[in-house]
Amino acid sequence: MNALILERDTILLAFWMTVRLTAVSTVGSLVLGTLLAAMRVSPLSVLRTAAGGYVTVARNTPLTLVLLFTGLGVGANLGVELSDDINVNNFWLAVIGLTAYTSAFVCEALRSGINTVPVGQAEAARSIGLTFQQTLRLIILPQAFRAVVVPLGSILIALTKNTTIALVVGVAEASVRMREMIEVYGDQVIQIFFGFAAGFVLLCLPTGLFFGWLSRRLAVAR
């Protein structure tokens, strides 16, 4: 009998884990990435240098090494426990690694969006007495987000696919289940591979279409 049918519940749970990893890491990456972007355009050179250094290191470090650091370095060597349940603990360690990595790309996307905002708007905001934080929050970032909807969508799609590397932390997401099924059902490798590939397409394709629609909807008129 077809392995995909026999293991349907297991496959659904595996993709549910992928969705959870993506959703939680997306929120964390947007928050940290926005903070880093604000630091990169800050008038304080120490903040710009710190954020620039972080982004440079994170973008040029393989995600596998980042997750190994959070799993083995933070989890095993430093003994950081975020939950008594080892599965929940591994989940959060994977989220930390994915967030730390993806936030660097969110930061750079947002910084490019900030650069599209006319300088005159920031100068006008300062002329009426707004602080840097108020100008960033009320004037700059809303327009920057609207300008980079498509790049942010691409980053989210990449994050969804990057969750497959969470196996190095011990998180049983979709790719782990695929490997286990291939080991058990060795005569159905092609069906299993295309079944899981279709699952990832179903996750990523609607995301791309949604962000494409959102970009047209929120396009900034110049």
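Colleague: How many salt bridges does the count come to?
Modeller: The count comes to three salt bridges. Bear in mind that this is a predicted model.

Colleague: Start with Arg40. Which side chain does Arg40 meet in a salt bridge?
Modeller: Arg40 meets the side chain of Glu108, at 2.7 Å from N to O. Arg40 lies in helix α2, residues 8-40, and Glu108 lies in helix α5, so this pair ties together parts that are 68 residues apart in sequence.

Colleague: And is Glu108 buried or exposed?
Modeller: Glu108 counts as buried, because its relative accessibility is 17% and the cut-off for buried is under 20%. Arg40 has 22% relative accessibility, so Arg40 counts as partly exposed.

Colleague: What about Arg59, how far apart are its closest N and O atoms in the salt bridge with Glu108?
Modeller: In that salt bridge the closest N and O atoms are 3.6 Å apart. The pair links distant parts of the chain, with Glu108 in helix α5 and Arg59 in helix α3 (residues 45-59), 49 residues apart. Arg59 itself is partly exposed, at a relative accessible area of 40%.

Colleague: Which helix holds both Glu108 and Arg111?
Modeller: Both are in helix α5, and because they are three residues apart, about one helical turn separates them. Salt bridges that share partners join Arg40, Arg59, Glu108 and Arg111 into one network.

Colleague: How accessible is Arg111?
Modeller: Arg111 has 27% relative accessibility, so it counts as partly exposed.

Colleague: Changing topic. How many disulfides does the structure hold?
Modeller: Zero disulfides.

Colleague: Then where does Cys107 sit, buried or exposed?
Modeller: Cys107 is buried, with a relative accessible area of 0%. Cys204 is buried as well, with a relative accessible area of 11%.

Colleague: Now the surface. Which residues make the nonpolar patch?
Modeller: Leu82, Val88, Trp92 and Ile96 make a nonpolar surface patch of about 320 Å².

Colleague: Where is Leu82 found?
Modeller: Leu82 is in the loop between α4 (63-77) and α5 (86-115).

Colleague: And why does Leu82 count as partly exposed?
Modeller: Its relative accessible area is 42%, and partly exposed covers what falls between under 20% for buried and over 50% for exposed.

Technical notes
Residues numbered from 1 in each chain as written. Predicted model: local features only at pLDDT ≥ 70, side-chain atom pairs only at ≥ 80, totals over all residues. Heavy atoms only, no water. Disulfide = S-S within 2.5 Å. Buried < 20%, exposed > 50% of the residue type's maximum accessible area, 1.4 Å probe, protein only. Patch = residues over 30% accessible without salt bridge, like charges linked within 9 Å, V, L, I, M, F, W, Y side chains within 5 Å. Areas by Shrake-Rupley, 256 points an atom, 1.4 Å probe, with all protein chains shown as cover. Salt bridge = Lys/Arg side-chain N within 4 Å of Asp/Glu carboxyl O. Helix = DSSP H or I, 4+ residues; strand = E, 2+ residues; numbered from the N terminus.
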